[in-house]
Amino acid sequence: VSGLDPAQPYFQSTPIEVRLDESDAEFVDVIHTDSAPTIPYLGFGISTAIGHLDFYPNGGEQMPGCDKNALSQIVDLDGIWEGSRDFVACNHLRSYKYYSDSILYPDGFLGYSCASYNSFQTEACFPCPSDGCPSMGHYADKFKGKSNFQKLYLNTAETKDFPLWRYKVMVKLSGRSKQHGYVNIALYGSGGNTRQHQITEGSLKPDNTYTAFIDAEINVGTVTKVKFLWNNNQINLTFPKLGAATVTVQSGE
């Protein structure tokens, strides 16, 4: 049984006889997309972990792309009915859209076992363990019977196509003097190329190593090249230079 944002009102904290529970089937996976408290945030989905695997994309409460105004929702999506419905219950309806996309991307939507979404955004839950990470959606049952992690976290894109692939990127800078600005990295690989992703912003010091997680819009595959870009955000007549001494890329997979 796959629970697509099971209802919160009248069901949260009720006995298992009247709501979805892992005892309802040999394998129960759940996608939580609208699990903010019903009051005052009007969340439609249950927040507690109730399956064998419970996925909380983007933390499970607010989905990217759902904070648009009503007009842009209606214009961007599939007509007035679809757009109006999405505006009213966008977070709630993301669950079936993620599931639909998961059928097309067997290697996408990897869920990382973590205590919380805040922990997921640190190094505490990266990379996947030796037996891999479950995939949210259609292929979650590949982990049937071999997981004791229950809460799984991941990020998704704002619009279709929704899957993202997580990478840890460490950049050691080279140069003669400290600068200010930002550093961007783009990955090139056997599976395609990513857009530029920001690694750090602020004070940039040569010989320092800066680490960031990027959620790439494609599975890069084997990395063949890395593009490094820095911008100092300031007019500087001395034309300072910064480079990357090393760039280390680790796939979450």
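Reader: Quick one to start. What is the angle about the S-S bond in the link of Cys114 and Cys125?
Author: It is 90°, and the link of Cys114 and Cys125 is right-handed. Their sulfur atoms are 1.6 Å apart. A disulfide here is a pair of cysteine sulfur atoms within 2.5 Å.

Reader: What should I know about the model itself?
Author: This is a predicted model: local features need pLDDT of at least 70, and side-chain atom pairs count only at pLDDT 80 or more, while totals for chains, interfaces and linings use all residues. Residues are numbered from 1 along each chain as its sequence is written, and side-chain values use heavy atoms, with hydrogens and water left out.

Reader: Back to cysteines. How many disulfides does a search of the whole structure find?
Author: Three. With the bonded cysteines numbered in sequence order, they pair 1-2, 3-4, 5-6.

Reader: Where do Cys66 and Cys90 sit?
Author: Cys66 is in the loop between β3 (53–57) and α2 (70–76), and Cys90 is in helix α3 (residues 79–104). They are 24 residues apart, so this pair links distant parts of the chain. Helices (H or I, at least four residues) and strands (E, at least two) are DSSP runs, numbered from the N terminus.

Reader: Why is that disulfide called left-handed?
Author: Because the torsion about the S-S bond of Cys66 and Cys90 is about -75°. Their sulfur atoms are 2.0 Å apart.

Reader: Is Cys90 buried or exposed?
Author: Buried, at 5% relative accessibility. Cys66 is buried too, at 12% relative accessible area. Buried means under 20% relative accessible area, exposed over 50%, and partly exposed in between (1.4 Å probe, protein chains only).

Reader: And Cys128 with Cys133: what is the angle about the S-S bond?
Author: It is -115°, and that link is left-handed. The sulfur atoms of Cys128 and Cys133 are 2.0 Å apart. Both cysteines are buried.

Reader: New topic. In what order do the strands of the open sheet run?
Author: The order is β10-β6-β12, with antiparallel pairing. The edge strands are β10 (209–216) and β12 (242–251), each pairing on one side only. Two strands pair if DSSP finds at least two bridges between them.

Reader: How many bridges join β6 to β10?
Author: Eight, and β6 covers residues 165–175. One of the bridge partners is Ala216 in β10, which goes with Trp165.

Reader: Now the packing. Which residues touch the most other members of the largest nonpolar core?
Author: Tyr167, Leu173 and Ile199, in a core of 17 residues. β6 gives the most to this core, with five residues. A nonpolar core is a set of buried Ala, Val, Leu, Ile, Met, Phe, Trp, Tyr and Cys residues joined through side-chain atoms within 4.5 Å. A second, separate core has 16 residues, including Leu53, Phe55, Met136 and Leu152.

Reader: What is the phi of Asp207?
Author: About 75°, a positive value although Asp207 is not a glycine. Most residues other than glycine have a negative phi. Asp207 is in the loop between β9 and β10 and counts as exposed, at 58% relative accessibility. Asn58 also has a positive phi, near 55°, but Asn58 is buried, with a relative accessible area of 11%.
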